Amino acid sequence: MGATYEGGLDGAGVRLALVVSRFNEAVTTRLLAGAREAMTQHGVSEDDVDIAWVPGAFELPLAARKLAESHRYDAIVCLGAVIRGETPHFEYVSAEVARGVSEVSRDTGVPAVFGVITPDTREQALERTGGSRGNKGADAVATAIEMVNLLRQLRPD
Ligand code: INI
């Protein structure tokens with residue numbers, strides 16, 4: 001039996017950049033609040049976190065890429081909300097953002113986490129951002145920390 005690798009959720013010493021979309025700000029500020037709570041819970045230092053705001057979810061990948069390429073962060077967390085019922089070009093926006101964020105990870109080697117919710121309605125958006133179904137911003141931060149710790153095991157310096 002070979003080795004088993006698993007990243008933990010200890011955020012001490014983990015440097016994060018959050019990229020947050022201003023579109024649907026009433027929802028994305030809730031994602032950000034969840035992300036902040038999770039960072040505190042997992043021991044990420046406030047000094048190790050920077051935040052960049054972008055106009056809409058479509059702009060998340062480019063800003064995430066710039067931040068990843070700066071080598072100043074261990075992971076990038078992208079937060080946004082694309083609401084199906086309110087977005088005529090929902091499929092284009094959501095698919096592009098998902099692909100763009102995953103390309104950042106693949107191209108740079110820095111984990112870029114997809115903390116973008118794609119609910120059918122605003123009510124569902126609220127449920128997923130601190131309502132009955134948790135907070136996807138908090139989940140995204142936990143994913144970022146786990147990936148950073150896993151990659152540190154896979155590529156020890
Ligand atoms: N951006 C979002 O983040 N969520 C949306 O629901 C949305 N809608 O409804 O269109 C949205 N559009 C703006 C888009 O992300 C870009 O900012 C814009 O197209 C300029 O590139």
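**Entry 1**

I looked up aspartate 74 and found it buried, with a relative accessible area of 17%; buried means under 20% relative accessible area, exposed over 50%, and partly exposed in between (1.4 Å probe, protein chains only). I note that this is a predicted model, in which local features need pLDDT of at least 70 and side-chain atom pairs count only at pLDDT 80 or more, while totals for chains, interfaces and linings use all residues. Residues are numbered from 1 along each chain as its sequence is written, and side-chain values use heavy atoms, with hydrogens and water left out.

The side chain of aspartate 74 meets that of arginine 152 in a salt bridge (3.3 Å, N to O). I take a salt bridge to be a side-chain nitrogen of Lys or Arg within 4 Å of a carboxyl oxygen of Asp or Glu. Arginine 152 lies in helix H5 and aspartate 74 in the loop between H2 and E3, so the pair ties together parts that are 78 residues apart in sequence. Helices (H or I, at least four residues) and strands (E, at least two) are DSSP runs, numbered from the N terminus. Arginine 152 is partly exposed, at 37% relative accessibility.

**Entry 2: Other salt bridges**

I recorded eight salt bridges in the structure. In one of them, arginine 84 pairs with aspartate 120, the closest N and O atoms being 3.1 Å apart. Arginine 84 lies in the loop between E3 and helix H3 (90-108) and aspartate 120 in the loop between E4 and helix H4 (122-127), so this pair ties together parts that are 36 residues apart in sequence. Arginine 84 is partly exposed, with a relative accessible area of 41%, and aspartate 120 is partly exposed at 39%.

I then turned to glutamate 96, which forms a salt bridge with arginine 99 at 2.6 Å between the closest N and O atoms. Glutamate 96 and arginine 99 are three residues apart in helix H3 and so are separated by about one helical turn. Salt bridges that share partners join Arg15, Asp74 and Arg152 into one network.

**Entry 3: Ligand surroundings**

I counted 13 residues around the ligand, the closest being Ala57, Phe58, Glu59, Ala81 and Thr87; the criterion is a residue heavy atom within 4 Å of the molecule. I looked for polar contacts, that is, pairs of N or O atoms within 3.5 Å (within protein, one must be able to donate a hydrogen and the other to accept it, and residues adjacent in sequence count only if both atoms are side-chain atoms). A ligand oxygen is 3.0 Å from an N or O atom in the side chain of threonine 87. A polar backbone atom of phenylalanine 58 is 3.1 Å from a ligand oxygen. For asparagine 24, a side-chain N or O atom is 3.4 Å from an oxygen of the ligand. The protein covers 75% of the 460 Å² of accessible area that the ligand has on its own (Shrake-Rupley method, 1.4 Å probe; for residues, only the protein chains shown count as cover).

**Entry 4: Positive phi**

Asparagine 24 sits in the loop between E1 and H1, and its phi is near 60 degrees, a positive value in a residue other than glycine. Asparagine 24 counts as buried at 12% relative accessibility. Histidine 71 also has phi near 60 degrees, but counts as exposed at 62% relative accessibility.
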